[in-house]
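Q: I am new to this structure and would like a close look at one part of it, the salt bridges around a single side chain. Please take me through that part step by step.

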Amino acid sequence: MASPIRRVDVKTLKSFLHDGKEVALLDAREEVPFDGWHILMASCVPLSRLEALVDALVPRRGVRVVWCDDGGAEGLAETAARRMADLGYGDVAVLDGGIAAWEAAGYTLYEGVHVPSKAFAEVIEHEAGTPYVTAEELKRMMDDGTDFALFDSRTFEEYNDNSIPGAICVPGAELVYRFADLVPSPQTTVVVNCGGRTRSIIGAQALISAGVPNRVVSMRNGTQGWHLAGFEVLKGATNRGPEVSEAGLAQAVAAARRIEARFAIKRIDAATLERYREEADRHALYVLDVRTREEYEAGHLAGVKHIPGGQLVQETDRHLGIWGARVVLADDTGVRSTMTAFWLKQMGWDVSIIAMDETGGALETGPYVPRTLGAERAGASSITAEDLKSLVEADGATVVDLDWSKAYMRGHIPGAWFMIRSRLATDHRKLPKRGLIVVTAPDEGLARLAASELADATAIPVKILKGGTAAWATTGYPLESGATNMASAADDIRLRAREQNQDREAAMRRYLAWELELVNQMARDEDQRFQVTCA
């Protein structure tokens with residue numbers, strides 16, 4: 001029998017968050033219930049995807065880990081803690097009573113996702129007095145022929161989905177890096193926007209703090225504010241701006257060096273990075289490449305995770321799960337790492353920068369592929385897309401799809417069933433009785449783990465689809481869309497306000513009001529670690 005998992009009470013967890021030692025607080029629920037209420041310092045690590053997330057999110061196996069859930073009978077935190085201990089983590093505990101006990105003790109629970117990052121932006125605007133324009137003011141600038149440039153600081157995918165007319169996609173950490181080439185005249189007013197508020201504020205203040213000569217403002221409430229004002233929102237925009245010139249790079253490097261000196265950004269060399277790596281079993285270490293995906297895939301330091309700098313600031317809880325860890329940011333010129341470090345330092349992280357050519361490490365190409373722990377122990381056999389198609393046409397196989405619900409609804413194998421892995425033991429009973437179950441997932445390791453679990457729950461043989469649904473589509477076979485055959489409730493990923501089918505404008509107003517209130521909540525919160533110096 002497995003030994004019992006240690007339980008800690010609310011008082012003990014509170015002490016963990018303030019004793020100066022490393023700690024990872026993980027919430028085992030899916031994103032929708034996490035979005036409803038959670039502890040500020042927690043990272044959402046759904047039990048259904050634990051093995052695919054924890055290696056990168058919690059790299060030190062000996063760090064203190066506390067799992068939580070809503071305190072209900074489902075026992076997600078207990079299961080997650082046992083699973084994590086089985087994967088080699090040595091100091092794993094569960095919050096006794098879950099977040100309900102935290103609230104009962106008089107401590108605050110928060111709505112939303114990526115709350116530390118979003119709250120930080122609100123604090124920055126309050127402390128630095130970051131200037132802004134409203135949607136109506138921006139529209140007047142357009143109509144009056146004002147000399148201005150509009151930069152959308154989100155990912156290209158978000159920008160392409162919905163943007164303000166005339167905006168150029170310049171994701172967060174790229175703003176200072178590409179600014180001189182995008183804005184040759186100091187007379188041009190620069191407006192930075194995002195979907196709501198966070199990246200608008202952070203992007204605008206980054207340029208102001210970097211000392212650009214132009215007037216810079218954030219677009220208050222982003223594309224949602226633009227939509228609520230009744231103005232047209234574009235779909236399908238593709239304007240990314242030019243490549244960085246030699247002269248533009250020189251100006252960007254100079255600006256980054258000023259930030260580095262003024263705000264004491266720590267720069268390390270290869271010897272220090274090697275020492276950090278040697279100490280990583282005692283002091284957790286994250287090494288992250290903050291350039292664009294295309295640059296990363298063309299050549300990056302071996303073993304280094306990729307996350308663009310703007311997204312790292314936007315979603316720290318998704319990438320930095322250990323509070324008190326060291327963070328080292330790498331890029332080729334020092335501009336994007338410096339600007340990202342500028343924000344992480346003020347969020348309370350021990351952050352350093354290093355230039356890639358100073359490390360002396362080997363380079364490799366291709367995308368970042370996270371490691372799915374324990375997948376090698378799952379012995380599921382695979383089936384090709386061609387063989388699966390024949391079986392499906394003969395009514396001889398049932399496909400179980402473990403992709404994110406939004407991705408599933410966009411396109412899945414005809415007749416497939418959507419499931420969340422942590423609910424396989426019960427939801428598999430909804431499947432039709434056929435000769436074979438075939439599991440497909442974007443991560444083949446997760447598919448293997450799920451297939452093994454399904455094999456224990458049913459007498460029907462289980463295989464995985466080699467290459468997942470992508471292999472099916474690449475072969476040229478059709479996909480169907482929509483919320484068909486939803487064996488599990490689609491609470492794995494929360495819908496943004498603009499994705500709501502009903503009362504979209506009301507959802508936008510609620511979301512923006514929630515963001516605005518975060519600055520008041522931070523003024524009362526004793527756990528947040530912000531150290532604002534850019535004001």
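A: In this predicted model, the residue to begin with is R336, which counts as buried because its relative accessible area is 0%, and buried means under 20%. Although R336 is buried, its side chain meets that of E295 in a salt bridge, with a distance of 2.6 Å from N to O. This pair links distant parts of the chain, since R336 belongs to helix α17 (residues 335-347) while E295 belongs to helix α14 (residues 293-298), and the two residues are 41 residues apart.

R336 also forms a salt bridge with D332, and here the closest N and O atoms are 3.1 Å apart. D332 counts as partly exposed because its relative accessibility is 34%, whereas R336 is buried at 0%. Through salt bridges that share partners, R336, D332 and E295 are joined with E174, R178 and D331 into one network.

As background, side chains of opposite charge can pair when their charged atoms come close.

To return to the part you asked about, R336 is a buried residue that has salt bridges with E295 and with D332.

Technical notes. Residues are numbered from 1 along each chain as its sequence is written. This is a predicted model: local features need pLDDT of at least 70, side-chain atom pairs count only at pLDDT 80 or more; totals for chains, interfaces and linings use all residues. Side-chain values use heavy atoms; hydrogens and water are left out. A salt bridge is a side-chain nitrogen of Lys or Arg within 4 Å of a carboxyl oxygen of Asp or Glu. Helices (H or I, at least four residues) and strands (E, at least two) are DSSP runs, numbered from the N terminus. Buried means under 20% relative accessible area, exposed over 50%, partly exposed in between (1.4 Å probe, protein chains only).
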